[in-house]
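Student: I am new to this structure. Please take me through its helices, one part at a time.

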Amino acid sequence: MHSVRLVLGDWRNALRLSGLLYLIYAIPSLILGLMFPTGRNQVVDPEAALAMAPVAVATGILALVAFVWIAVAWHRYVLLDEQPQGQFPAFDGGRLFSYALLSLGIGILCVITGVVVGTVAGLLVLVAPPLAFVAGVLALAAALIVGYRLAPVLPASAIGKPLTFGAAWEATKGASGAIVVLAIVSAIAALIIDLPAILFAYAGPLGRILSLIWTLGTDWVKMLVGVSILTTLYGHYVEGRAIPRA
């Protein structure tokens, strides 16, 4: 809840800090979505899709740069009270590259953890096939625990106080239970937020447009709340900040 309050309780500054950057990614995504709608009975012309492939790749790159730029800026705003001096937050290529590289490293470790735990837990399936679901849940839980426990390295990198994976793991010792609860609540909240978009998508052409607009709007909220969760993990477990209860 604290991470949600960080965004919704300070939405004006959140919008001022990230709005234009997000639009750089959102507008091309909206155009692509309108040109190539998804849903039932939708047939995409292969030649048209191939011709638009460079635009799709460029949009993906814009999305990555915008996300990292916003994430770094939001970490610095919350933890250092750093205010943007112009229309965009300060750009530091080295800082953004380091953040992206650390994110990739955490992602790889999460995948490896999920595969290893899933493989071991999968042995249960040989004994009792109905336990296949349990194996999948265990693999996902293990990957999330690793990801969240290592996540403080990201805000640390953003504010110029590098943290090793080992130090982040040690700082979040004993937080695994809270992380599992956090992951469950986040997944349920994301599903509820996405539900209107899913329903709109099956309501004809206008519904698909509304679905796309809804998704782009709510993705901004989910993105900033997600970054705020990482900021809160760093502030609480590394810097020892208290988490307000109201």
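Tutor: Start with helix α10, residues 204-238. Helices here are DSSP runs (H or I, at least four residues), numbered from the N terminus. At 1.5 Å a residue, its 35 residues should span 51 Å, and the end C-alpha atoms lie 49 Å apart, which agrees. The expected span is 1.5 Å times one less than the number of residues. After α10 comes G240, with a positive phi near 75°.

This is a predicted model, where local features need pLDDT of at least 70, side-chain atom pairs count only at pLDDT 80 or more, and totals for chains, interfaces and linings use all residues. Residues are numbered from 1 along each chain as its sequence is written, and side-chain values use heavy atoms, without hydrogens or water.

Helix α6 covers residues 132-150. Its 19 residues reach 28 Å from first C-alpha to last, close to the expected 27 Å. Buried residues (under 20% relative accessible area, 1.4 Å probe, protein chains only; exposed is over 50%, partly exposed in between) in α6 include A135, A139 and Y148. Among the elements that cover the buried residues of α6 are α5, α9 and α10.

Helix α5 spans residues 93-127 and holds L123. L123 counts as exposed because its relative accessibility is 52%.

Last, R76 sits in helix α4, residues 53-80. R76 counts as buried because its relative accessibility is 11%. Leaving aside neighbours within four places in sequence, R76 is in contact (heavy atoms within 4.5 Å) with residues including E82, R95 and I159.

Notes: Helix = DSSP H or I, 4+ residues; strand = E, 2+ residues; numbered from the N terminus.
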